[in-house]
Amino acid sequence: MKQKFDKSNQVMQKYSIFIILFAMIIICSFLNKNFLSVNNVTNIMKQLAVGTILAYGEMILIISGMLDLSSGAVLALAGVFSVNFYKATGSLVLALLLAVIIAVVCNMVNALMVTNFNTPPFIATLAMQMVARGIALFYTQGQNINQLDNYIVFGQGNIGPVPISIIFMIIITIIIWYIMRHTRFGRSLYAIGGNEEAAVASGINVRKNKYIVFAINGVLVGIAGVLFMSRVNAGLPNGAVGYEMEGLTAAIVGGTSFSGGVGTTLGTLAGAFIIGCLNNIMNLIGVNSYIQQIVKGCIIAIAVIWDIRSKSKKSAKVILVEEKEECK
Amino acid sequence: MGQEIKLRVTGIDKSFPGVKALNKIEFAVRRGTVHALCGENGAGKSTLMKIINGIYKPDAGQIFIDERPVKIQNPIQARSLGIAMIAQELNYIPEMSVEENLFLGRLPVTKMGNVNWRKLRKDTLEFLKAEKLPYRPDQKLKTLTVSDIQMLEIIKAISNNAEIIVMDEPTSAITQREVEMLFKKIRILKEKGVSIIYISHKLDEVFQIADDITVFRDGSVIESHPAEEMDMDQVISLMVGRKMDNVYPKESVPIGEKLLEVKDFYQPKIFKDISFYARKGEIVGFAGLVGAGRTEVMRALFGLDHYEQGEIVINNQKAEIKGVEDSIHHNMVMLSEDRRRYGIIPIRSVMENASISSLEKFIYKGYAHEEEEKKTVAEYFKRMNVKTPSLDTRIQSLSGGNQQKVLLAKWMLREPQILILDEPTRGIDVGAKFEIYKLITELAKQQKAVIMVSSELPELIGMCDRIYVMNQGKITGELEKNDFSQEAIMKYATSIN
């Protein structure tokens, strides 16, 4: 009997974030009957795509005990170069590739600072944020790049009925999920974030893995840069300011532990959706945009507190079970 | 030695949901004596000490100090009643100075309310002088050794005018010589009328220092007697509730050819001229004081630290070891002395902790075979008698002994040929120690080479086939089984070249 209760409790705790999301969707659908319409859901997902992709990058970094404050700026840098490159060559594939390469290079510099020079990731990526934003602004002389022609297909086009940005998001979700769950690399990241010194002593090549994490983050940021610029239909050197915070928020709301070693892909996806739904419903029912910020902040705080509390209860119980075992 | 009772607890009960942690505890400590508490982990010693220190509230029962009933609500109150606790895991702030740590939480202030640094410096100097300790007040704590810090904790307790000092495993991280210093200190405290509650798994030390011994088991006091009326075997069998015939389950195993040979290992200022070997089926001990360089040699051998010169030969072939991966590749593994720092990944499950070094066994053909992983890990856990509520339990919630077994299981999964075990039984209880000894014996029987670094001489003498002794970064002695004695080892360990 007790066993059963424990089990259901565990399930509750494990899926708490999905329960929150589900509850939110139900409440939202009552608040506005258009909320669950195909149109609106597609809209939410399109708006979410960039933030979610950035959130995965933040997630894998946080899990391995790091973070990236430069993703918004690197996104803009990669985006403006990519846009201009497209205007010069007319090749979508090469433009996408260039964005990815630029973002990966920036992230290799981040990795270099973090691993070889032992700079705290917070500082290293903060510096990169300034440098990348500066280069983007210098390169464009602060001017927006307009008339993107076909470039907008990434952010606004469809394949059949499905928007391309959503396809990107889904494919990336699957890849990240696969990496974190089904590769040795993914499993090692949890160990590195959980206790880096123990990971080294267990035979994990921490340095190499950190480079790979930053490289993956770079790929994600590059893709996000292309999606962002093509969605807004311009190369904005000043765009995506603070997007790293959106990514961080989605990852943290989704149960990624800021102290490292804990987090799941689907949790982060749920975190992104919670924020996306919140934004959307408040727009639909016409909440004042200043009030929106306040509500968002509060909801994020509540969601995280709930998540932490349910998890700490779980570990407390385990300790008691352990004591009982030992007393026998 | 006084007959007066300083601290008395009667009828203490404490339950946690589903567990009775303490059951009608009756227990008294005389003034100016050392009262040892013995018992396996989870027997209730720590819970009782936490009640005395005001961290937990008892469900029932009464505490008396100087035969007057007192209620202890929190540690601050305990401190004002003259109770001080020196925890097993020392609580200190490495980046702060000696003086700040000494007066942490009670820094002297001026009338204006800001810190009175001058008075702080003066008081600290006074204490350090009175205790004959050679530290500077502004020295950061991270520059001191564990035993230095422990001494400071003790001074801190005394500076608080503590009359009852609880010491939880005070010798788990210090060497024989430092233990003697600690005991000297304890004897001085006794003369001053201070009562000491001494918790330790090391029974030989308990018998050296204790006036009274109380044995706990399963949340109850089993027996409480003056130390001279008890002997070690008796205490052990009371603790575990069964007879322990043999503390060291050593079996003689045919010793084969050389598996590992280290030649002229050298790292400036850390160690030099280190040459040793280990053979199949052999348990090789490394004795020495803390700071003799044993751990440093092993870490360098395992690829965790750099070494400047030297040659490693494994299986008659020269081995190039630049990192842990190389060691693992050569089937050599190492269990670290610092379980928390280099061993466990606290927030991950016991299963992940066990499988982290053997992932290629469970992740292949492009995906993770979780069922296989569960089955294999569960098998190893069963064989090694790891007690855990489930495979998903976070390793941090297991006891030290079980954590250590999980970490051993991690390496066993790789089926290594050479095992370096650095302080494999530090801070774990008698029952778990015995199981680890049995495992080590089992490994030797499987013709593996085991290198065992330990600061507990009886353990080395009981388990090893050959012992190297290190002192100041050099190997100063090598003893064959027939020549083993604590005296011989200590002679080499302390000899000055």
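Tutor: Let us begin with handedness: a crossing is left-handed if the near helix is turned anticlockwise from the far one by less than a right angle, and right-handed if clockwise. Helices (H or I, at least four residues) and strands (E, at least two) are DSSP runs, numbered from the N terminus. The model is predicted: local features need pLDDT of at least 70, side-chain atom pairs count only at pLDDT 80 or more, and totals for chains, interfaces and linings use all residues. Residues are numbered from 1 along each chain as its sequence is written, while chains are lettered from A and ligands numbered from 1 in the order in which they are written.

Student: In which hand does helix 5 of chain A pass helix 6 of chain A?

Tutor: The crossing is right-handed. Axes are lines fitted to C-alpha atoms, for helices over the stretch in contact, and angles run from 0 to 180 degrees between N-to-C directions. Here the axes of helix 5 (residues 92-116) and helix 6 (residues 121-140), both of chain A, come within 9 Å and cross at roughly 150°.

Student: Which residues of helix 5 of chain A meet helix 6 of chain A?

Tutor: Two residues are in contact if their C-beta atoms, placed from the backbone, lie within 7 Å. Helix 5 of chain A contributes Cys106(A), Val109(A), Asn110(A), Met113(A) and Val114(A). Among their partners in helix 6 of chain A are Pro121(A) and Met128(A).

Student: How is the direction of helix 3 of chain A relative to helix 11 of chain A described, parallel or antiparallel?

Tutor: Angles under 35 degrees count as roughly parallel, over 145 as roughly antiparallel, 65 to 115 as roughly perpendicular and the rest as oblique. The axes of helix 3 (residues 38-63) and helix 11 (residues 206-232) of chain A come within 9 Å and cross at roughly 170°. Helix 3 of chain A is therefore roughly antiparallel to helix 11 of chain A. Residues of this contact include Ile53(A) of helix 3 and Leu220(A) of helix 11.

Student: Is Arg340(B) partly exposed or buried?

Tutor: A residue is buried if 20 or more other C-beta atoms lie within 10 Å of its own, exposed if 12 or fewer, and partly exposed in between; C-beta atoms are placed from the backbone. Arg340(B) is partly exposed because 16 other C-beta atoms lie within 10 Å. Arg340(B) belongs to helix 11 (residues 339-343) of chain B. In chain A, buried residues make up 45% of the 328 residues.
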